[in-house]
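Visitor: Please take me through one part of this model closely, and then show me how the rest is built around it.

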Amino acid sequence: MTETRPPMRTVTGIAHVHTYYSYDGYYTPDQLAHIARARGWDFVLVSEHSNHLSRAAFEELVRTCRALSNDSFLMFPSIEYTCDHMLHILGYGAGYIDDFPTAPAELAGAIKKRGGLAILSHPRKYAGSPGLITSELLDAVDGIEVWNSKLAYDGPWIAPLGNYDFVRPGKLAFCGQDAHFGKHFSSLVFRVRVASLTREELLASLRSGRYTMTNGVFELDPWPPAPSARTRFLRAADTACALALRQARFVRNLIKGTGKLRPRPAIPEIQEREQKEQRQ
Ligand SMILES: [Zn+2]
Ligand SMILES: [Zn+2]
């Protein structure tokens with residue numbers, strides 16, 4: 001008897017989202033799930049900063065995400081690792097890596113070895129220090145987050161096609177909202193073909209490039225678009241948009257000071273647990 005596979009369907013969801021398990025995140029996983037469901041998203045790829053994230057805290061997040069998931073909604077917990085020179089690498093589906101290597105290419109190798117997807121976060125963050133994104137790193141990762149809709153990086157409006165320059169042949173283009181609190185949420189989503197909504201199936205579909213990314217206006221593929229008058233126009237528009245954003249941030253920082261991060265909200269359970277771990 002042959003096993004019949006359920007038909008493929010398209011699910012919509014978001015990637016690169018932080019909860020209060022990140023030092024600068026705000027929402028509880030429960031609140032995040034509530035926001036996602038209210039917006040009609042079927043899954044959330046959660047990505048907590050590795051900074052100060054203990055194994056026990058991550059395991060607690062895994063249990064919480066499992067309890068919030070069912071056949072039609074999936075919370076998928078992962079980690080965004082901070083490497084040398086503050087370079088960030090997303091390790092989707094790799095679990096918690098104890099004493100992770102801080103050399104970016106080496107870390108990407110460790111993520112892949114654990115069956116995860118290693119994605120270089122927000123390349124635009126490193127525009128001022130291009131030497132950080134090495135050829136070795138671009139070869140080592142599974143893909144690049146070509147569209148990070150946070151205003152500090154690519155913004156939610158225009159497809160940042162220039163970031164495809166970092167995508168080596170055979171590698172994937174990814175997107176992410178990098179949401180830490182309310183104002184970061186955007187309409188940038190993944191639309192993924194899956195047979196069922198499980199962690200394994202979603203990861204396999206992402207790895208195989210069975211998806212598109214859209215903000216509702218532009219739709220991007222995992223692979224670079226063919227050069228055309230339209231793509232040239234979009235690249236120019238994106239460059240202009242990036243320059244305007246940089247100027248706007250400069251002016252905002254002049255007015256507001258240095259634009260410091262909000263302090264992490266005090267969560268007694270987490271503080272207590274961290275103090276306990278430090279004592280051990
Ligand atoms: Zn980051
Ligand atoms: Zn992030």
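Guide: V217 sits in the loop that links β9 (211-214) to β10 (219-220). Strands here are DSSP runs of E of at least two residues, and helices are runs of H or I of at least four, both numbered from the N terminus. The model is predicted, so local features need pLDDT of at least 70 and side-chain atom pairs count only at pLDDT 80 or more, while totals for chains, interfaces and linings use all residues. Residues are numbered from 1 along each chain as its sequence is written, and chains are lettered from A and ligands numbered from 1 in the order in which they are written.

V217 counts as exposed because it has 10 C-beta neighbours inside 10 Å. The cut-offs are 20 or more other C-beta atoms within 10 Å for buried, 12 or fewer for exposed, and partly exposed in between, with C-beta atoms placed from the backbone. In sequence V217 is 58 residues from A159, yet their C-alpha atoms are 9.0 Å apart in space.

Helix α1 (residues 29-38) has buried residues: P29, L32, A33 and A36. They lie on the same side of α1, because they cover an arc of only 100 degrees around the axis, taken from the directions from the helix axis to the C-beta atoms. Q31 and A38, on the other side of α1, are exposed. Just after α1, G40 has a positive phi of about 80 degrees.

In the whole protein chain there are 7 helices and 10 strands, and 37% of its 280 residues count as buried.
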